[in-house]
Amino acid sequence: MAFMVPALSALSGGLSLIGGMQAASQAQAAGEYQRAIALNEATIRERNARAAERDAEIADENARRAGLITQERARDQDFSAADEIGGVIVAQGASGLRGASPTRNVSALRMLAGRDRSRIVAEGGAESREFRTQADAFRTEVADQRSGAASARADAAMARRNARADATQARLSGLSGAISGFTSAGEFLLDGKLRSKARSDFDSTFRRKRTG
């Protein structure tokens, strides 16, 4: 029975050490899992950012093309109107018409041609602005996705740091329990030896006195 207490103390210390190592391993595994999730999110966000960049480039190109097409349409409208008005002027001259009426007709044609040109420019400008608005929205998305990716990478680094800290704490706790258990067992054995020695010394002294 004398060895039961130190044996139990030593066993408790050993179990504490094993438990600490297991807890450390679990903490590291949990941290790596969280880190993997965060890194995966960062990867997805980076992929989304690159896609948004491509979309922004496409929208910018569409805006540029819309502007060029508008210029071409406006120029074609000018040429067409000039040809039509020139034909009317030639026809009026050939017919011998003079006075305010032919002049008003030419002025009206030029006004209508100007309206058509303004409409073409306005429609083309609106289309170009719409594409540029889309490009700006995509660039905003790029910034948001890149910010989210950076945050996710920071979370991954923090998960690893926290896991290491938790694992270290678990190991220290297990080691502390082991030291405490082994120390208690040693102290008990030492105390038992001291008591045995004291009892032996007492018995020796008592026998000498009786013999004397």
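## Confidence of the model

In this predicted model, the protein chain has a mean pLDDT of 76, with 66% of its residues at 70 or more. Where pLDDT is low, the predicted coordinates should not be read in detail.

## Overall architecture

The protein chain has 2 helices and 0 strands; Ala 30 is placed in helix H1, which covers residues 4-95, and Gln 145 in helix H2, which covers residues 100-211. Of contacts between residues at least 6 apart in sequence, 93% join residues that are at least 24 apart.

Of the 212 residues, 22% count as buried, while the accessible surface of the chain comes to about 14,500 Å², 57% of it belonging to carbon and sulfur atoms.

Leaving aside residues up to four places away in sequence, Gln 145 touches Arg 45, Asn 48 and Ala 49.

Ala 30, by contrast, is partly exposed, with a relative accessible area of 39%. Ala 30 and Ala 159 are 129 residues apart in sequence, and the distance between them in space is 8.7 Å, C-alpha to C-alpha.

## Salt bridges

Side chains of opposite charge can pair when their charged atoms come close. A search of the whole structure finds 12 salt bridges, and Glu 46, Glu 53, Arg 146 and Arg 153 are linked in a network of such pairs.

Arg 117 and Asp 78 meet through their side chains in a salt bridge of 2.8 Å, N to O. Because Arg 117 lies in helix H2 and Asp 78 in helix H1, this pair ties together parts that are 39 residues apart in sequence. Arg 117 is partly exposed at 34% relative accessible area, as is Asp 78 at 32%.

In helix H1, Arg 64 and Glu 61 are 3 residues apart, about one turn of the helix, and their side chains form a salt bridge at 2.6 Å, N to O; Arg 64 is partly exposed at 42% relative accessibility, and Glu 61 is partly exposed at 26%. In helix H2, Arg 119 and Glu 123 are 4 residues apart, again about one turn, with a salt bridge at 3.6 Å, N to O.

Conventions
Residues are numbered from 1 along each chain as its sequence is written. This is a predicted model: local features need pLDDT of at least 70, side-chain atom pairs count only at pLDDT 80 or more; totals for chains, interfaces and linings use all residues. Side-chain values use heavy atoms; hydrogens and water are left out. Contact means heavy atoms within 4.5 Å. Buried means under 20% relative accessible area, exposed over 50%, partly exposed in between (1.4 Å probe, protein chains only). pLDDT is the predictor's confidence in each residue, from 0 to 100. Accessible areas come from the Shrake-Rupley method with a 1.4 Å probe; for residues, only the protein chains shown count as cover. A salt bridge is a side-chain nitrogen of Lys or Arg within 4 Å of a carboxyl oxygen of Asp or Glu.
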